[in-house]
Amino acid sequence: MYIAENLNTIKSQLPVHVTLVAVSKTKPVADLMEAYDAGQRIFGENKIQEMTDKWEVMPKDIEWHMIGHVQTNKVKYMAPYVNLIHGVDSLKLLQEINKQAAKNNRVIDCLLQVYIAEEESKFGLDEQELDELLKQVQHDKENFKNIRIVGLMGMATFSENQNQIEKEFKHLKTIFDKHNQLETSNLKLETLSMGMSGDYQLAISCGSTMVRIGSSIFGSR
Ligand SMILES: *Cc1c(COP(=O)(O)O)cnc(C)c1O
């Protein structure tokens, strides 16, 4: 019962333009089903194998989001069904997603992950790499027909320092706004994925349109 309650509390606080991704990594299917029965239809996982196992047994009207770092050789396992890949951070990965999407006659939506944190451990593109990747996708439309870049994703420094986190979220929003005029068949930035259990309210105040919340819904991992 507590999962449905947590979910309803969080949903009641979210502005209508903000999409909630329920991050269910490590949690059993029964927990996800409790969220599903309470109306949740978007789930985020960070391991392709685990996500695929859950996709196989759960209702087919669920949207599955891959929020973790993706290894190129595993893209094929999620290509038949994944709805949004949050952590795209290289041309090579984007090429593989396009190739596997084509094999499945699909167009797969992707977010480019931008590096905004201070710590060294986080994946993502720096601003210059982002510029280059965006240019490449625009100029090479023929080779990127089966992907669509629909936004950006970022993770703030793991810290208690709210000023630091706010600065990083605002920085990502500035980068997002800088590119929001771009529009080609395979590229239009509409989604800004930032904010987790500890910082989603701050992220929303800085312009997030998609929050990825795990422990505040399902409990600690
Ligand atoms: C685990 C994870 C989350 C959710 O974290 P919580 O603190 O449990 O809300 C969000 N985004 C990514 C990329 C994650 O790996």
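Reply:

**A contact on a helix, and what lies beyond**

The side chain of Glu127 makes a polar contact with the side chain of His171, at 3.0 Å. A polar contact is a pair of N or O atoms within 3.5 Å; within protein, one must be able to donate a hydrogen and the other to accept it, and residues adjacent in sequence count only if both atoms are side-chain atoms. This is a predicted model: local features need pLDDT of at least 70, side-chain atom pairs count only at pLDDT 80 or more, and totals for chains, interfaces and linings use all residues. Residues are numbered from 1 along each chain as its sequence is written, and side-chain values use heavy atoms, with hydrogens and water left out.

Stay with Glu127 for a moment. It lies in helix α6, residues 127–139. Helices (H or I, at least four residues) and strands (E, at least two) are DSSP runs, numbered from the N terminus. What does Glu127 touch, not counting residues up to four places away in sequence? His171, Ile175 and Lys178. Touching, or contact, means heavy atoms within 4.5 Å. Glu127 counts as partly exposed because its relative accessibility is 34%. The scale is this: buried is under 20% relative accessible area, exposed is over 50%, and partly exposed is in between (1.4 Å probe, protein chains only). Met194 is 67 residues from Glu127 along the chain, and their C-alpha atoms are separated by 17 Å.

Now to the ligand. Which residues are around it? They are Val23, Lys25, Ile67, Met153, Met155, Met196, Ser197, Arg212, Ile213, Gly214, Ser215 and Arg221. A residue makes that list if one of its heavy atoms lies within 4 Å. Sorted by class, the shell has six nonpolar, three polar and three charged residues. Here Ala, Val, Leu, Ile, Met, Phe, Trp, Tyr, Cys and Pro are nonpolar, Asp, Glu, Lys and Arg are charged, and the others, Gly among them, are polar.

Lys25 brings a polar side-chain atom to 2.7 Å from an oxygen atom of the ligand. Arg212 has a side-chain N or O atom 2.9 Å from a nitrogen atom of the ligand. Ser215 uses its backbone: an N or O atom there lies 2.8 Å from an oxygen atom of the ligand. Taken alone, the ligand exposes 390 Å², and the protein buries 89% of that. Such areas come from the Shrake-Rupley method with a 1.4 Å probe; for residues, only the protein chains shown count as cover.

Next, the strands. Arg212 of the ligand shell sits in strand β8, residues 210–213. Met210 and Arg212 point one way from β8, Val211 and Ile213 the other way, and all are buried. Strand β8 runs parallel to β1, and four bridges join them. Two strands pair if DSSP finds at least two bridges between them. Thr19 stands opposite Met210 in β8. Leu20 stands opposite Val211 there.

Strand β1 spans residues 19–23 and runs parallel to β2, joined by two bridges. Ala22 has Phe43 as its bridge partner in β2. Val23 stands opposite Gly44 of β2. Is β1 largely enclosed or open? Four of its five residues are buried, so β1 is largely enclosed by the rest of the structure. Strand β2 covers residues 42–45, and both its faces are covered: Ile42 and Gly44 on one side and Phe43 and Glu45 on the other are all buried.

Past β1 comes a loop. Thr26 lies in the loop between β1 and α2 (29–37). Its phi is near 70 degrees, a positive value in a residue other than glycine. Thr26 counts as exposed because its relative accessibility is 54%.

Asn105 has a positive phi too, about 55 degrees, although it is not a glycine. Its place is the loop between α5 and β5 (108–114). At 74% relative accessibility, Asn105 counts as exposed.

Helix α5 (residues 91–103) holds Gln100. Why is Gln100 counted as buried? Because its relative accessibility is 6%. Leaving aside neighbours within four places in sequence, Gln100 is in contact with Val75, Lys76 and Ala79.

One last stop is Gln49, in helix α3 (residues 48–57). Gln49 is exposed, with a relative accessible area of 53%. Gln49 and Lys74 are 25 residues apart in sequence and 8.5 Å apart in space, C-alpha to C-alpha.
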